[in-house]
2 protein chains.
Amino acid sequence: MDKLLQGVQIRINEKLYMKDPESSGLGKKIIEFSIQLINDIGFESFTFKKLGVQIGSNESSIYRYFENKHKLLLYLTSWYWGWMEYQLVFATNNIKNPKEKLLKAIFIMTKTTKEDSDFSHINEILLNNIVINEYSKSYLTKEVDAENKEGFYAIYKRLVGRLAEMITDVDATYEYPTSLASTILENGLHQHYLKEHFPSLTDCTNKITPTQYLTHLVFNTLNSNIDE
Amino acid sequence: MDKLLQGVQIRINEKLYMKDPESSGLGKKIIEFSIQLINDIGFESFTFKKLGVQIGSNESSIYRYFENKHKLLLYLTSWYWGWMEYQLVFATNNIKNPKEKLLKAIFIMTKTTKEDSDFSHINEILLNNIVINEYSKSYLTKEVDAENKEGFYAIYKRLVGRLAEMITDVDATYEYPTSLASTILENGLHQHYLKEHFPSLTDCTNKITPTQYLTHLVFNTLNSNIDE
DNA sequence: AAGATGTGATAGTAATACTATTATATTTGC
DNA sequence: GCAAATATAATAGTATTACTATCACATCTT
């Protein structure tokens, strides 16, 4: 992640904010410090008032950017998936062999974010952590169908679509490419969570990664050896 | 699910309640109607005050049974997994063939609950729905490690252990039995959710079930044909 | 220099998530 | 059958949350 990413701008659904946080210093501060604060105290305890204190700004000013903290979470997670999509496309674009391509894709989507790319005010390591801990709360709500219609999950859906296509390119006879794609993304996060909080519920450790588990799962399911 | 289940008592961690809801009429009403209400309005909007109105009782009385709504959710989901465990053991006990046993286990764990067993005040169909929609909220919290130490997730963990063992009995060389077991349970719920709210993210429909998808996934991964 | 826009400060409201106290039922033990 | 113990109901009160509204002030623009 370097110079090449400098110019990247991730497009977020405009209905998620009242005022574009990328358009001002305060907006960027809101993003930067909300990531830190949500990471520290968890999404439930996170409030705009507390965030205001952190950034030396007022609650009411934050409300001018985001309607509520739920929309902010949707903004942050959308950004994350957009960033993932960018990495996916960038890293697999020039790979012609379908198996190699899928292998790389699984790696990109399930690895731990180990370093902050520094190309923005967004700390990707912390954001990755937030997604592991909070993403499902962004859709497990009574408003999910209405918000889905508004396109709030569009980036994630596009990403699943891309993965599913790569799966089909490896094995066109496989009957569940979309389910498998969503399993890779969702269970990737879940295995990371289990490793941290429920080690007895996973084989993932410091030596065995979710990437290894899911790679094995996918390629055996597709009845297609990695190096065949 | 009939007579045989009449005598079943699912043992819930005593620290989850202040007063055993099974010990009184009001307690049973709290369980019965909290399931209905959470199902109707979602866990976020659910409050003890609203529940009090529903059952013609007072908020303060409910607080004598449960410290807060989070503990109530843990109680309900523990009960669900306990019930699942009972069904699993009951249905697989006398199956000797490991593949057949695992096949049955996956079916039990990933099917939709279609009927209420009527052996208690608990509506299993609604509870199944609650687990699909809310279970991850019960552990995606900042208190997860402390609560795990208290044994609040013990039943679920035991269930994953049982499944992992069945996987190993089918293929002792498989390296990720525990991760696969947790994937079956967690992704089973997730595929049901996707089917309902994000049909474009799954291949599961009215004709293709999460059970079929996961059965195929597991048996192909284990490199072991179902009817071989 | 005037006008538009962005931010900060303050105040206020309804709801949530409780706790405490007291009163009134109901159960149980003798 | 009555007292004592226990369960439930009613009421009130608190701190916090999740906002909305208003106004003052600063800054940026033209």
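Reader: At roughly what angle do helix α8 and helix α9 of chain A cross?

Author: This is a predicted model, and in it the axes of α8 (residues 154-170) and α9 (residues 177-197) of chain A cross at roughly 120°. Those axes come within 8 Å.

Reader: Why are α8(A) and α9(A) called oblique to each other?

Author: Set the angle against the cut-offs. Roughly perpendicular covers 65 to 115 degrees, and roughly antiparallel begins over 145. The crossing is at roughly 120°, and therefore α8(A) and α9(A) count as oblique. As for handedness, their crossing is right-handed.

Reader: Which residues make that contact?

Author: From α8(A) come A:Val160, A:Leu163, A:Ala164, A:Ile167 and A:Thr168. On the α9(A) side you'll find A:Pro177, A:Thr178, A:Leu180, A:Ala181, A:Ser182, A:Ile184 and A:Leu185.

Reader: How many residues of the contact of α8(A) with α9(A) are nonpolar, polar or charged?

Author: Sorted by class, there are 9 nonpolar and 3 polar residues, with no charged ones.

Reader: What makes you say that the same surface serves both copies?

Author: Of the contact residues of chain A, 100% recur in chain B. Each chain puts in its share: 39 residues from chain A and 39 residues from chain B.

Reader: Which helix gives the most to the side of chain A that touches chain B?

Author: α9(A) does, with 10 residues. Helices supplying at least two residues each include α6 (124-134), α7 (144-149) and α10 (210-221) of chain A. By class, this side of chain A has 11 nonpolar, 19 polar and 9 charged residues.

Reader: And the DNA: how many residues surround DNA strand D?

Author: There are 14, and the closest are A:Ser60, A:Asn68, B:Leu26, B:Ser57 and B:Ser61.

Reader: What does α3(A) give to the surface near DNA strand D?

Author: It gives the most, with 3 residues. α3 (59-63) of chain A and α3 (59-63) of chain B each supply at least two residues there.

Note on methods
Residues are numbered from 1 along each chain as its sequence is written. Chains are lettered from A and ligands numbered from 1 in the order in which they are written. This is a predicted model: local features need pLDDT of at least 70, side-chain atom pairs count only at pLDDT 80 or more; totals for chains, interfaces and linings use all residues. Axes are lines fitted to C-alpha atoms, for helices over the stretch in contact, and angles run from 0 to 180 degrees between N-to-C directions. Helices (H or I, at least four residues) and strands (E, at least two) are DSSP runs, numbered from the N terminus. Angles under 35 degrees count as roughly parallel, over 145 as roughly antiparallel, 65 to 115 as roughly perpendicular and the rest as oblique. A crossing is left-handed if the near helix is turned anticlockwise from the far one by less than a right angle, and right-handed if clockwise. Two residues are in contact if their C-beta atoms, placed from the backbone, lie within 7 Å. Ala, Val, Leu, Ile, Met, Phe, Trp, Tyr, Cys and Pro count as nonpolar, Asp, Glu, Lys and Arg as charged, and the others, Gly among them, as polar. A residue is near a molecule or strand if its C-beta atom, placed from the backbone, lies within 6 Å of it.
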